[in-house]
Amino acid sequence: MNFSFGEIVENYYDDIYKFVFLMVKDKNDAADITQETFLMVERYLKSFKGESSVKTWLYRIASNEIKKFYKRQKRALKYKPKRNEDTRDYSDLKDAMEKLDKDSYEILFLRYFKRMSEKEIAFILNIPEGTVKSRLFNAKEKLRKVMENG
Amino acid sequence: MDEKIYSYFEREYGKIKPPKKLKAKLLGREKRKIFTLAAISSSLFIVFILSLIVEFSPAFDQVIMNINFP
């Protein structure tokens, strides 16, 4: 299971960039964070012992870089509603999703879009599996409430 | 609810176009590294071969003997 840096970039660049972009909602910030993520990958690739899959390891690094970014910026997830091209139902869902806090948004992405297991998510976010379960439950509850209240 | 969440991410994810320049830049880093490593290895190999030639070729004995250090 040895990957070169080039193979990792070839296989995972798009996924990581898209994940970062969804989290920060800005092209330039997403590019900077993606670059930082891959520089970290390059630096630590030799010490990667395969305790997780390469994919989850990459998501963990990217998630940490996103956290560092928000710490530096001290700002919340940007919310830029763009209603014109969406149907009403989809706009409501999109509004509700983008009103969620960053942690809830991230965990829903990993679980319901990337179909990652709770164990993988626990590794990526560096939290216990029990916390993953409770965060998932809370995130869905928040989403439900936001959608009900508009 | 799960399907709604999935459909939201599927739609938003599909809209994102990762910049090709950044990917090329990241891949270029590895190519540069390989090129540098190859250049250093080749240089060391050439120096090694030249030192062998100087060491074992009698033609160079006279040259070496005539080198004057200040």
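Within chain B, confidence is highest in α1(B), at 87, and lowest in helix α3 (residues 59-65) of chain B, where the mean is 72. These values belong to a predicted model. For chain B as a whole the mean pLDDT is 84, and 97% of its residues reach 70 or more. For the complex, the predictor gives an ipTM of 0.77 and a pTM of 0.75.

The next topic is how the two chains meet. On one side, 18 residues of chain B take part, and they are in contact with 22 residues of chain A. Two elements of chain B, α1 (2-15) and α2 (20-56), each give two or more residues to this side. The most come from α1(B), which gives nine residues. Sorted by class, the side of chain B that touches chain A has 12 nonpolar and six charged residues, but no polar ones.

One pair of helices shows a part of this meeting in detail. Two packed helices are described by the angle between their axes and the distance between the axes. For α1(A) and α2(B), the axes come within 9 Å and cross at roughly 165°. An angle over 145 degrees counts as roughly antiparallel, and α1(A) and α2(B) are therefore roughly antiparallel to each other. The crossing in which α1(A) passes α2(B) is left-handed. From α1(A), the residues that make the contact are Phe5(A), Gly6(A), Val9(A) and Tyr13(A), while α2(B) provides Lys23(B), Leu26(B), Leu27(B) and Glu30(B). The contact of α1(A) with α2(B) comprises five nonpolar residues, one polar residue and two charged residues.

Chain A itself is divided by the domain assignment into domain 1, residues 1-75, and domain 2, residues 84-150. The C-alpha centres of domain 1 and domain 2 of chain A are 20 Å apart. Where these domains touch, eight residues of domain 1 of chain A are in contact with seven residues of domain 2 of chain A. On the side of domain 1, the elements that give two or more residues are α1 (5-24) and α3 (54-73) of chain A. The largest share of that side, five residues, comes from α3(A). By class, the side of domain 1 that touches domain 2 has four nonpolar, three polar and one charged residues.

The helices α1(A) and α3(A) also pack against each other, at an angle of about 35° and with their axes 10 Å apart. Their crossing is right-handed. In this contact, Ile8(A), Tyr12(A), Ile16(A), Phe19(A), Val20(A), Met23(A) and Val24(A) of α1(A) meet Val54(A), Lys55(A), Leu58(A), Tyr59(A), Ala62(A), Ile66(A) and Phe69(A) of α3(A). The residues of the contact of α1(A) with α3(A) are 13 nonpolar and one charged, with no polar residue.

A further pair in chain A consists of helix α6 (residues 118-125) and helix α7 (residues 129-149), whose axes lie 8 Å apart at an angle of about 100°. That angle makes α6(A) roughly perpendicular to α7(A). Here Glu118(A), Lys119(A), Ile121(A) and Ala122(A) of α6(A) meet Glu129(A), Val132(A) and Lys133(A) of α7(A). By class, the contact of α6(A) with α7(A) has three nonpolar and four charged residues, and no polar ones.

Note on methods. Residues numbered from 1 in each chain as written. Chains lettered and ligands numbered in written order. Predicted model: local features only at pLDDT ≥ 70, side-chain atom pairs only at ≥ 80, totals over all residues. Domains from an automatic or database assignment. Contact = placed C-beta atoms within 7 Å. Helix = DSSP H or I, 4+ residues; strand = E, 2+ residues; numbered from the N terminus. Nonpolar A, V, L, I, M, F, W, Y, C, P; charged D, E, K, R; others polar. Axes fitted to C-alpha atoms, helices over the stretch in contact; angles between N-to-C directions. Parallel < 35°, antiparallel > 145°, perpendicular 65-115°, else oblique. Left-handed = near helix turned anticlockwise from the far one by under 90°. pLDDT = per-residue confidence, 0-100.
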